[in-house]
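Please look at the sequence and the model before reading on.

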Amino acid sequence: MSTTLQAVRGMRDILPEHSRYFALLENCAREVLTAYGYEEIRLPLLESTELFKRTIGEVTDIVEKEMYTFTDRNGDSLTLRPEGTAGCVRAGIENGLLHNQVRRLWYGGAMFRHERPQKGRYRQFHQIGVETFGMAGPDIDAELLLMTQRLWRRLGVEGLELQINSLGTPAVRMAYRAELVAYFTAHQAQLDEDSRRRLQSNPLRILDSKNPALHHLIAGAPQLSAALDDESRAHFDGLRRLLDGAGVAYRVNPRLVRGLDYYTKTVFEWVTDRLGAQGTVCAGGRYDGLVAQLGGRATPAAGFALGVERLVALLEEQAAPPPGAAPDVYLAVLGEQAESLGLLWAEQLRDACPALRVLVNCGGGGFKAQLKRADKSGAALALVLGDDEVAQGSVGVKPLRHDVRQCTWLWPDLLQAVSGCTAADVPRLLARND
Ligand code: HAM
């Protein structure tokens, strides 16, 4: 008995009606990032497991519960990347990109986390991530936020709220952690199971709890902002001044802690209330200690990653569908000679007008069936090539969207006419009456 194979849970096929929006976002992001001087880096999907343990943190949800980890044929423990920052820092150190240099890098691609799948949360998802190295001041933090804001504007995504916070230096966080443990221990009876577990492993994450029963307790917890040292406070104040000066609206969220251990000072999230529980579409911050922690020379760093699926969901909700891949021209071919000449002429047409989308009828069929396919394809014109046309060295041109009579072109004349034209002009140009 054969069973139908299905995609692995949490891993989605991105079908053409959705992939159009993915391409729209990816192209727009590439344009904006390039315009700000960011360079693309392409990173492996697989890294050593150790890399993620040492960067994201041993006691984070990602490392404890969500990684796709396996032992390969050599006995090495490998992990499908759950995020891109760790691999980018590893690559930067390994390839000498960070030595006394300022770097602005970006990457895109699939990430893998074994989370409980739901709307906006998948086990394979896509990020476009940005990492900067060698710039310690709040100016680069502000640039990252201005750049994301420009991307939202270019995409027409509205209503995102920017939340910012400062996590301070590692020393500040250690002291604050002790304060939090003391507070929550004193109220242990009110904690849920998850928070009780986090109390020892990662108490800052209790502040992030989505359990409404804990909100009152969390509201009374000591605030990290009160524990900040002078340096972190000056950095945060500097960022706020820059954002105010540039007219970027934001809200300081003292409970924003992020789920990865490597952050220092600035953290931020762009949030929407239109996607239910998975409302963070872009998140990041500063991670000044990470390069040194992985064996490189101490290098300040900051970056973010946006969740492609979540932004696509917003785009699908509010943007007009991007144009599909309808051909401009459908070439119908009838007979053995026409079939082989058709392939050759289609190539010549593509040479003459490279942007023109030309679909050649493959798989046979009578003219009627082929014209039906041409109509269904969305093409503006059908070119018709049968025995008579082959004998005369011509093609029939049949406009499919307007009530204009079919006409005939000698092939060399047609090639000359379309040569150097934009694809959009070709249908009008060829649909002349004899
Ligand atoms: P993150 O907050 O773990 O940060 O992920 C960034 C974004 O990826 C999230 O805000 C969300 O939009 C999207 N995302 C995360 N998990 C899923 C999922 N299971 N399904 C769909 N979308 C998801 C990072 O990954 C850091 N590396 C960001 C960064 C870069 N920080 C500094 N540089």
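## The second largest pocket

In this predicted model, α6 (170-186) and α11 (290-293) each give at least two residues to the lining of the second largest pocket. Helices here are DSSP runs of H or I with at least four residues, and strands are runs of E with at least two, numbered from the N terminus. With four residues, α6 has the largest share of this lining.

A pocket is an open set of points on a 1 Å grid over the protein atoms alone, where a 1.4 Å probe fits and protein lies on both sides within 12 Å along at least five of seven lines; lining residues have an atom within 4 Å of a point. The lining has 23 residues, and R173, L260, D261, Y262 and Y263 lie nearest the centre of the pocket.

## The ligand

Around the ligand there are 27 residues, with E83, T85, E115, E131 and Y263 coming nearest; being near takes a heavy atom within 4 Å. In this shell, β10 (280-286) is one of the elements that give two or more residues, and its six residues are the largest share.

Polar contacts are pairs of N or O atoms within 3.5 Å. A nitrogen atom of the ligand lies 2.8 Å from a side-chain N or O atom of T85, and a polar side-chain atom of E131 is 2.8 Å from a ligand nitrogen.

## Notes on the model

Residues are numbered from 1 along each chain as its sequence is written, and side-chain values use heavy atoms, without hydrogens and water. Local features need pLDDT of at least 70 and side-chain atom pairs 80 or more, while totals for chains, interfaces and linings use all residues.

Notes. A polar contact is a pair of N or O atoms within 3.5 Å; within protein, one must be able to donate a hydrogen and the other to accept it, and residues adjacent in sequence count only if both atoms are side-chain atoms.
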